Amino acid sequence: MNEVLNNKYPYLSKFFETAITQNRLFHSIILYGSNNYIQYAMALELARQLNCLEDKKTDCNCQNCRWIRANQHPAIMTISKIDNKTDSSKTVISEEQINMVLDTLINSSDYHRVFIFCDAEIKKLSSAEITEYTEFKNTGFTLPQPEQEEKIWYPSGINTNCFSTVAANSMLKSIEEPASKITFIFLTNNKDDLLQTIVSRSQSFYVADSKHINYFVDFFKKYFDNYPAFNRANALDFVKTLLAYQTENNCEPIYIMDCIQYYLTEILKANNNNKYIANKIFKDIEKIENSKKMLRSYIKEQTVYEDLAFYLAE
Ligand SMILES: [Zn+2]
């Protein structure tokens, strides 16, 4: 995995790496959060991992990696209201664009095709946006359009205004019954900005806009000793432990969720060949994504922890 992304998002990086190796990545992925440059880099990195012909290292020099780093790979397309246009509409991802995407899927390809959907504009960046852009450049990737006299391609989250229900709906069948070696990636600020029918067919990941993170797992590890079995009698104790750790260390509840997901990917790595455990972990990771969504909707953390504990104990 790309080193900048790996340092910043160790859990997500590890998860994607494992999911790709095990061929378990969904055909439709939603990356959501507030920093769209980093989401865009993450999407390109996924495309690179899916297409690398060699060892997938950050500086791999195979043709696919070189093309993707330069944002010139023929099978990796950014779809926005200003990228890969086939008609004159300027404010939306149009039905024509979607038809163009669907047309390219008719023929098979040696490449793993990746379509990255986002909103975008060419503009002068604010200083906060320049910081995000600099971080993007540090990943070694390139934007889809070159700088034009201080104006820079700026990605933002897709929503129902720039991606109409009609256009989105025409993709549903392809998302539901995808041909092999095709991945759709949607960048958005909030999952609720996307058509629910797409969300329900996709795997969603919150890309937090945080600094380098270390994950601590020792405080809750023992509850997973017999995983996938999770003792119901311990559920409330588990909740208490999470709450106590959160208070003592003054950390965000979403961080605690990240730690648990991170630990699950560790278990996954150790049980690579156990299909039953792997399936359970993928389900649990999705459940925790949902817990994060509850936290972001300001549901009390105790309620969210309890909901998770009883789900694990089912
Ligand atoms: Zn490569």
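Colleague: Handedness first: a crossing is left-handed if the near helix is turned anticlockwise from the far one by less than a right angle, and right-handed if clockwise. Which is the crossing of α10 and α13, left-handed or right-handed?

Modeller: Right-handed. Helices here are DSSP runs of H or I with at least four residues, strands are E runs of at least two, and both are numbered from the N terminus. Keep in mind that this is a predicted model: local features need pLDDT of at least 70, side-chain atom pairs count only at pLDDT 80 or more, and totals for chains, interfaces and linings use all residues. Numbering starts from 1 along each chain as its sequence is written.

Colleague: OK. At what angle do α10 and α13 pack?

Modeller: About 140°, with the axes of α10 (residues 235–249) and α13 (residues 301–312) 9 Å apart. Axes are lines fitted to C-alpha atoms over the stretch in contact, and angles run from 0 to 180 degrees between N-to-C directions.

Colleague: And which residues of α10 and α13 meet?

Modeller: On the α10 side you have A235, F238, V239, L242, L243 and Q246, and they meet E301, Q302, Y305, E306, A309 and F310 of α13. Contact means C-beta atoms, placed from the backbone, within 7 Å.

Colleague: What about α2 and α11, how do their axes cross?

Modeller: At roughly 30°, coming within 9 Å, for α2 (residues 10–21) and α11 (residues 253–270). That crossing is left-handed. From α2 the contact uses P10, Y11, K14, F15 and T18, and from α11 it uses D258, Q261, Y262, T265, L268 and K269.

Colleague: Where does α2 stand relative to α3?

Modeller: Their axes come within 10 Å, again crossing at roughly 30°, but α2 passes α3 in a right-handed crossing. F16, E17 and I20 of α2 meet L46, Q49 and L50 of α3.

Colleague: Changing topic: how is the chain divided into domains?

Modeller: Domain 1 is 3–206 and domain 2 is 221–312, with bounds from an automatic or database domain assignment. Their centres, taken over C-alpha atoms, are 28 Å apart. Twelve residues of domain 1 and 13 residues of domain 2 make the contact.

Colleague: Which elements give two or more residues to the domain 1 side?

Modeller: α2 and β7 (203–206). The largest share, five residues, comes from α2.

Colleague: And how many residues are in the largest nonpolar core?

Modeller: 77, and L31, A43, F117, I185, L187 and V207 have the most contacts inside it. Helix α3 (residues 36–51) gives the most to this core, ten residues.

Colleague: What does A43 touch?

Modeller: L31, I116, I185 and L187, leaving out residues up to four places away in sequence.

Colleague: Now Q148: buried or exposed?

Modeller: Exposed, with 9 other C-beta atoms within 10 Å. The scale is 20 or more for buried, 12 or fewer for exposed and partly exposed in between, with C-beta atoms placed from the backbone. Q148 sits in the loop between α6 (127–138) and β5 (152–156). K123 is 25 residues from Q148 in sequence, and their C-alpha atoms are 9.0 Å apart.

Colleague: And where is P146?

Modeller: Also in the loop between α6 and β5. P146 is exposed, with 10 other C-beta atoms within 10 Å. Its C-alpha atom is 31 Å from that of V199, 53 residues apart along the chain.

Note on methods. A nonpolar core is a set of buried Ala, Val, Leu, Ile, Met, Phe, Trp, Tyr and Cys residues joined through C-beta atoms within 7 Å. Two residues are in contact if their C-beta atoms, placed from the backbone, lie within 7 Å.
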